[in-house]
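Take a look at the protein model below.

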Amino acid sequence: MTRSSLPSALPPAVDVAIIGAGIIGVSTAYALAQAGVRVAVFEKGAVACEQSSRNWGWVRTLGRELPEVPLALRANQLWGQIQDRIDVGFRRSGILYLQESDADAAGHQAWIDGARAYGIDARLLGSREARGLLPQ
């Protein structure tokens with residue numbers, strides 16, 4: 001969207017005004033609009049060109065603080081639903097963390113054990129399995 005295509009006047013009234021057109025602001029506005037709420041988004045610059053443009057594009061669950069896991073699972077579900085409606089480039093592909101020590105392995109295993117309560121599909125791989133996935 002270019003500045004010339006933006007509305008020239010503010011709406012006379014909205015139910016919710018959102019400051020910031022990053023991923024959180026835009027997705028919140030989208031969800032509210034889908035629910036019939038009159039919403040306006042205000043951004044000082046270009047849409048999704050601040051912090052939202054600097055992420056790695058991950059919607060990851062692995063390795064998050066355990067209290068964040070339910071939110072990460074919900075984010076994955078919502079991104080999948082959006083992708084089902086329109087191609088936004090969301091792909092589920094998995095993630096690998098390589099370990100440098102037995103202490104790293106123990107830490108990862110402790111996280112996996114704690115995340116099982118949320119139904120997380122994660123496991124430690126041995127060096128042979130890892131080489132099979134990453135032969136180079």
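The paragraphs below go from the whole chain to single residues.

This is a predicted model, in which local features need pLDDT of at least 70, side-chain atom pairs count only at pLDDT 80 or more, and totals for chains, interfaces and linings use all residues. Residues are numbered from 1 along each chain as its sequence is written, and side-chain values use heavy atoms, with hydrogens and water left out.

Start with the overall plan. The protein chain has four helices and two strands. These are DSSP runs, numbered from the N terminus: helices are H or I with at least four residues, strands are E with at least two. Along the sequence, the pattern reads β-α-β-α-α-α.

Next, the surface. How much of the chain is buried? Buried residues make up 15% of its 136 residues. Here buried means under 20% relative accessible area, exposed means over 50%, and partly exposed lies in between (1.4 Å probe, protein chains only).

Contacts tell another part of the story. A contact means heavy atoms within 4.5 Å. Take the contacts between residues at least 6 apart in sequence: 41% of them join residues at least 24 apart.

Now find helix 3, residues 102-115. Its 14 residues should span 20 Å at 1.5 Å a residue. The expected span is 1.5 Å times one less than the number of residues. The end C-alpha atoms of helix 3 are 20 Å apart, which agrees.

Which residues of helix 3 are buried? They are Ala105, Trp111, Ile112 and Ala115. These residues cover an arc of only 125 degrees around the axis, so they sit on the same side of helix 3. The arc is taken from the directions from the helix axis to the C-beta atoms. An α-helix has 3.6 residues a turn, so residues three or four places apart point the same way. On the other side of helix 3, Asp102 and Ala103 are exposed. Helix 2 is included in what covers the buried residues of helix 3.

Move on to helix 2, residues 69-85. Asn76 lies in this helix. With a relative accessible area of 13%, Asn76 is buried. Leaving aside neighbours within four places in sequence, Asn76 is in contact with Val59, Thr61, Phe90 and Arg92.

Phe90 also takes part in an aromatic pair. The structure holds one such pair. Trp79 and Phe90 form it, and the pair is stacked: 6.1 Å centre to centre, with 25 degrees between the planes. Trp79 lies in helix 2 and Phe90 in the loop between helix 2 and helix 3, so the pair ties together parts that are eleven residues apart in sequence. The rule behind this: rings of Phe, Tyr and Trp (its six-membered ring) pair if their centres lie within 6.5 Å; planes under 30 degrees apart count as stacked, over 60 as edge-to-face and the rest as tilted. Trp79 is partly exposed, at 26% relative accessible area. Phe90, at 13%, counts as buried.

Charged side chains come next. Side chains of opposite charge can pair when their charged atoms come close. A salt bridge is a side-chain nitrogen of Lys or Arg within 4 Å of a carboxyl oxygen of Asp or Glu. By this rule the count is five. One of them joins Asp15 and Arg38, whose closest N and O atoms are 3.0 Å apart. Asp15 lies in the segment before strand 1 (16-19) and Arg38 in the loop between helix 1 (23-34) and strand 2, so this pair ties together parts 23 residues apart in sequence. Asp15 is partly exposed at 47%, and Arg38 is partly exposed at 45%.

Another salt bridge links Asp87 and Arg91, with closest N and O atoms 3.4 Å apart. Asp87 is exposed, at 54%. Arg91 is exposed too, at 52%. Arg116 and Asp113 form a further salt bridge, with a closest N and O distance of 2.8 Å. Arg116 is partly exposed at 49%, and Asp113 is partly exposed at 42%.

End at Gly63. Where is Gly63 found? Gly63 is in the loop between strand 2 (39-42) and helix 2. This glycine is partly exposed, with a relative accessible area of 41%. Gly63 and Tyr97 are 34 residues apart in sequence and 8.9 Å apart in space, C-alpha to C-alpha.
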